[in-house]
Amino acid sequence: MRTSPFHKNFAANNATFANRFETEIVSRVGDAKNEYETIRNAAGITDFSFMQRFRFPEEKGLDFLDSLCAGNVAKLRFGRILHTFLADDDGMIIADCYIANNDEEFILLCESIADDDAVVQLLLSRGAAEAGMEDLSKSHALLSIDGYKAWAVAKELFGADVLGLPYLSIERYEYNGAGISLFRAGKTSEFGYLLLVEAGKTDLLFDACLASARKISGGLCGIDIHNDLRLEGRFFNVFAEGVLVRDPLELGLQWMIDFNKEQFAGRDAIAARRASGLSKKIIGICAAADVSGFTKGATIVNGNDSVATIVATCFSYTLDKFVGLALFSVDCAYAGLSFNLGTGEGPKVSTISMPPIMPKSLTVKLDDM
């Protein structure tokens, strides 16, 4: 199992660790509600070193990555990030990806449902060595800053110019002699930043981020709460609905695909399914806070007919109810409908438009930062 360069930092703060696809994750640091409030109202610092990370030289990496991933890398401008995915030959999702055009290099970050060796072998089988791939998964670490006031932490570390960075952009900074690649990203629906740093220079960065976050009532968080926040904000999570459904069309990820591209991994299979039409589709759902059985794998029924299976759930502290995603038959995959959980006499489940909340970050104005 690959461990994180930040392991000792989080272990010293009583973090709980878990194994996910042979990679260590910090699953939680404190109470779930407290971590939720930390990100919704302040800033949470989380270890994202579970992501697989690779560097490619610009000249060779451009064509390789464009032929590999579903999005159009060829149109990716300097300083910007493309959110797309990597599929297998059957057009089923393997990894949720960020591709960053970072001056004379491209950086590929993967959240993968395959372990490190499998992902590396897949990339090599498609010509990654010839494209000059450098594997950064062990030599570098990733730390995230997410939350309503995450910008304040980034500003204190790197200066006021971070406030002007648009969503899905990358910039280079120096911190105490360490070169940092800062990704303006995040999937909590609040402000978010990912910091890529050499593994040997993690301690100072960790201490500075945590100290800055604590000044605004922030602190450390685990990955478990990020799973909930992604669902509540309707950001795709490859480790929840992705690993169960895997078909990018049923998952509603058409926006990640450039169908005009002649080549990318799984293109023909995805195009064939698209041409034949979908029979199932992901839709948001909710249920009252006192409902039992609102869990992954549970069946949703209309009368005596099964119409959907729940593929992701969380409790929304903002709404004080359960929310989730379910894979519905397309003939009833609409928001605003009412069904039952388990049986025709089961608890009420409603389909909803996602996301069901308004993040606080949308209320922040640049002049107030």
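Predicted model: local features only at pLDDT ≥ 70, side-chain atom pairs only at ≥ 80, totals over all residues.

Student: How many helices and strands does the protein chain have?

Tutor: Both kinds of element are DSSP runs numbered from the N terminus: helices are H or I with at least four residues, strands are E with at least two. Counted that way, the protein chain has 9 helices and 19 strands.

Student: Why is the chain said to be as compact as a globular protein of that length?

Tutor: The radius of gyration is taken over C-alpha atoms, and the globule rule is 2.2 Å times the number of residues to the power 0.38. For 369 residues that rule gives 21 Å, and the protein chain comes close to it, so it is as compact as a globular protein of that length; its own radius of gyration is 21 Å.

Student: What percentage of the residues count as buried?

Tutor: Buried means under 20% relative accessible area, exposed over 50%, and partly exposed in between (1.4 Å probe, protein chains only). Of the 369 residues in the protein chain, the buried share is 57%.

Student: Which residues have the most contacts inside the largest nonpolar core?

Tutor: A nonpolar core is a set of buried Ala, Val, Leu, Ile, Met, Phe, Trp, Tyr and Cys residues joined through side-chain atoms within 4.5 Å. The largest one has 45 residues, and those with the most contacts inside it are Met51, Phe85, Tyr98, Leu109, Phe183 and Leu194.

Student: Which helix gives the largest share of this core?

Tutor: The core has 45 residues. Its largest share is 4 residues, and they come from helix H8 (residues 238-245).

Student: What does Phe85 touch, leaving aside its neighbours within four places in sequence?

Tutor: Contact means heavy atoms within 4.5 Å. With those neighbours left aside, Phe85 is in contact with Cys69, Ala70, Ile93, Ala95, Cys97, Pro248, Leu253, Met256, Ile257 and Ile270.

Student: What covers the buried residues of helix H3?

Tutor: In H3 (residues 58-68), the buried residues are Gly61, Phe64, Leu65, Asp66 and Leu68. Their cover includes helix H4 (116-125) and strands S4 (52-57), S5 (81-87), S6 (93-102) and S7 (105-112).

Student: Is Asn14 buried or exposed?

Tutor: Asn14 is found in the loop between helix H1 (7-11) and strand S1 (16-20). Its phi is positive, about 65°, although it is not a glycine. Most residues other than glycine have a negative phi. With a relative accessibility of 65%, Asn14 counts as exposed.

Student: And is Leu168 buried or exposed?

Tutor: Leu168 also has a positive phi, about 60°, although it is not a glycine. It lies in the loop between helix H5 (150-158) and strand S10 (169-175). At a relative accessible area of 16%, Leu168 is buried.

Student: Where is the cis peptide bond to Pro355?

Tutor: Most peptide bonds are trans. Pro355 sits in the segment after strand S19 (348-352). The cis bond, with omega near 0°, runs from Met354 to Pro355.

Key
Residues numbered from 1 in each chain as written. Heavy atoms only, no water.
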